[in-house]
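Trainee: I would like to go through this model step by step. Could we take it as questions and answers?

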Amino acid sequence: MTTGRPLIQARGLVKRFGDFTAVDGIDVEVSAGEAFGFLGPNGAGKSSTMRMVGCTSPPSGGELHILGMDPVRDGPAIRARLGVCPQLDNLDPELTVRENLTTYARYFGIPRRVARARAAELLDFVQLGDRADSKVEPLSGGMKRRLTIARALVNEPDIVLLDEPTTGLDPQARHLVWERLFRLKQQGVTLVLTTHYMDEAEQLCDRLVVMDGGRIVAEGSPRALIEQHATREVVELRFAAESQETFAGKLDALGERVEVLPDRVLVYVSDGDAAVAEVAALGLRPTNVLVRRSSLEDVFLHLTGRTLVD
Amino acid sequence: MTAQLTRDRPALPRVPALAVLEYHLVGYRRTWRAGAFSSFLLPTLTVLGFGVGVGAYIDQGVGGVSYLEWIAGGLLASTALQVAISESTWPVFGNLQWQKIYLGQRSSPLRVADILAGHLSFVLFRVLTAVIAFLLVTGVLGALRSPWAVLAVPVAALLALAVAAPTFAYAASVDSDSWLAMLFRFAVIPMTLFAGVFFPVESLPLALRWLAYVTPLWHAVDLCRAAVLGVAPQWSVIGHLCYLAAWAAGGWLLARRVFARRLVV
């Protein structure tokens, strides 16, 4: 986009369902070529936001512009330029893999011949070329997901919306999806995704917002968020005792911050190994010690006092 | 897949509902043999069973024509009804609740009305093929008295819309598919039995007769029977057509409202 205008622009965006406010006044801007993420636990308002951006759910308040257009008035025109990968696959299990793409392409006015060519190209891209003529029903979860991603690309969209693209997939299938999404990102496709996996957000997102209870609690690149809201390293300690709380007080002096979780104590420090030595010097005997770099999980914990995946 | 942002792309489909119809036809391509088989078999069996079998016991015929000839028009209309309602119950419920096909279509440029119109046209297609098969079978069996019988096809199409559109609304608004079986038990079967398909409505007590007149089926039965026999219908043709059109229009408005409530959240 030569104008430099953001592809997605939301100001004070609100979504209400009756008395319940799912999205509570968020400001978001996504520029062309960006990979942008909404990170948050279930019920944070991510999916509601995605549906509003996908122009299938009218906002209850605030402003929203997609590709410079109004989602309520210009829904079909905007959707013609979006690719949507929903949280739950809604492929047709009775059709073949190829037919799922070609029939969907027709909704965008793509001629049959072009649709067939594009389907072949996309199936190669998502590594389903050899399954083109098999039915969708017997495909694995990861394959269906990749097919849904291919379907979202059938109209060569300006923005691809991915709602929890790897939720429910096994680790190997997740990595395959990430790898394909990363390829898209390299090609300059604008990606907008929601996730409650911090590793997914770290791997794929240039910039993200952390959502909790319908609000944005932090915004920035994964690196910047970690630097801002966590220390360089974290020491995870597990104690055999009945409660981890017993030890919390004794650890306070060790690091900048201590978080006590039901099953472990997290100590935020700049030098993990030094802290582990100090724990030993205090005469404490944890059953398990782990030193790791801070992640977005720690950012979320710090901002909300809760873990992402419960 | 390339991310160039300015390129000429095909706009929306010229008639979006046709793209939806095409989707349903692609799915039907897999099952059409079974569908076509039952399209021929079902009318053959019904016409033989009722027309010839039951007809053998009715020596005087009905109103001067043989029972087989008398029943052909009614059976044609009730075949249209059966196909129209079968195609508008579980398929609509499944597309909404099970496979979420409609939601997928909603993410494309299609509007709610396009999704609805496309699926309704597929139902219409199914009814038309079934009715044409029925005419062929009954024609071969010599049950059609008049070439006007071809007019039963557009009447069956109108009946299909008159019952399919409100059924779409119903199937999209219920939360469990057991409500769909109820529709057959309490609407389709009684309607088929009492709306003049198997015996003249005049043999019913007056109160029940009015219930028959209220059903869209009776209006189509009267028209189809008249066409097959080559006589004038009992009621005015315009009156019948307007009544059926009113069901179709009302059903469409209702279905569009329910679909919007389900798909725009």
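Mentor: Ground rules come before the questions. This is a predicted model, in which local features need pLDDT of at least 70 and side-chain atom pairs count only at pLDDT 80 or more, while totals for chains, interfaces and linings use all residues. Residues are numbered from 1 along each chain as its sequence is written, and chains are lettered from A and ligands numbered from 1 in the order in which they are written.

Trainee: Which residues of chain A does UniProt list for "domain: ABC transporter"?
Mentor: The entry is unreviewed. UniProt positions are given in the numbering used here, feature names are shortened, and annotations may be inferred rather than shown by experiment. The record lists residues 8-238.

Trainee: How far apart are the end C-alpha atoms of residues 8-238 of chain A?
Mentor: Helices (H or I, at least four residues) and strands (E, at least two) are DSSP runs, numbered from the N terminus. Over this stretch chain A is 35% helix and 28% strand. The end C-alpha atoms are separated by 44 Å.

Trainee: What is the strand order in the open sheet of six strands in chain A?
Mentor: Strands pair if DSSP finds at least two bridges between them. The pairing in this sheet is mixed. Its edge strands, β5 (82-85) and β9 (215-220) of chain A, each pair on one side only. The order is β5-β6-β7-β3-β8-β9.

Trainee: In β7(A), which residue stands opposite D163(A)?
Mentor: Strands of a sheet pair through backbone hydrogen bonds, either parallel or antiparallel. Strands β6 (residues 159-163) and β7 (residues 190-195) of chain A pair in the parallel sense, over five bridges. Opposite D163(A) stands T194(A).

Trainee: At about what angle to β5(A) does helix α5 (residues 141-152) of chain A run?
Mentor: Axes are lines fitted to C-alpha atoms, for helices over the stretch in contact, and angles run from 0 to 180 degrees between N-to-C directions. Helix α5 of chain A lies across β5 and β6 of chain A. Its angle to β5(A) is about 165°.

Trainee: Is A105(A) buried or exposed?
Mentor: A105(A) is found in helix α3 (residues 97-106) of chain A. A residue is buried if 20 or more other C-beta atoms lie within 10 Å of its own, exposed if 12 or fewer, and partly exposed in between, with C-beta atoms placed from the backbone. A105(A) has 25 such neighbours, so A105(A) counts as buried.

Trainee: Which residues does A105(A) touch, not counting residues up to four places away in sequence?
Mentor: Two residues are in contact if their C-beta atoms, placed from the backbone, lie within 7 Å. By that rule A105(A) touches I110(A), A115(A), R118(A) and V154(A).

Trainee: What is the average twist in the open sheet of four strands in chain A?
Mentor: This sheet has the order β11-β12-β10-β13, with antiparallel pairing. β11 (257-260) and β13 are its edge strands. From one strand to the next, the twist averages 20°.

Trainee: What is the count of buried residues in strand β13 (residues 288-293) of chain A?
Mentor: β13(A) pairs with strand β10 (residues 233-238) of chain A in the antiparallel sense, over six bridges. There V234(A) stands opposite R292(A). β13(A) is hardly covered, and among its six residues the count is zero.

Trainee: How far apart are the axes of helices α1 (residues 16-53) and α2 (residues 67-88) of chain B?
Mentor: Two packed helices are described by the angle between their axes and the distance between the axes. Here the angle is about 145°. V47(B) and F50(B) are among the residues of α1(B) that meet α2(B). The axes are 9 Å apart.

Trainee: Why does L141(B) count as partly exposed?
Mentor: L141(B) sits in the loop between α5 (112-140) and α6 (152-173) of chain B. Its C-alpha atom is 8.7 Å from that of V47(B), 94 residues apart along the chain. L141(B) counts as partly exposed because the number of its C-beta neighbours inside 10 Å is 16.

Trainee: Which helix supplies the largest share of the side of chain B that touches chain A?
Mentor: 29 residues of chain B are in contact with 33 residues of chain A. α1 and α4 (101-106) of chain B each supply at least two residues of the chain B side. The largest share, six residues, comes from α1(B).
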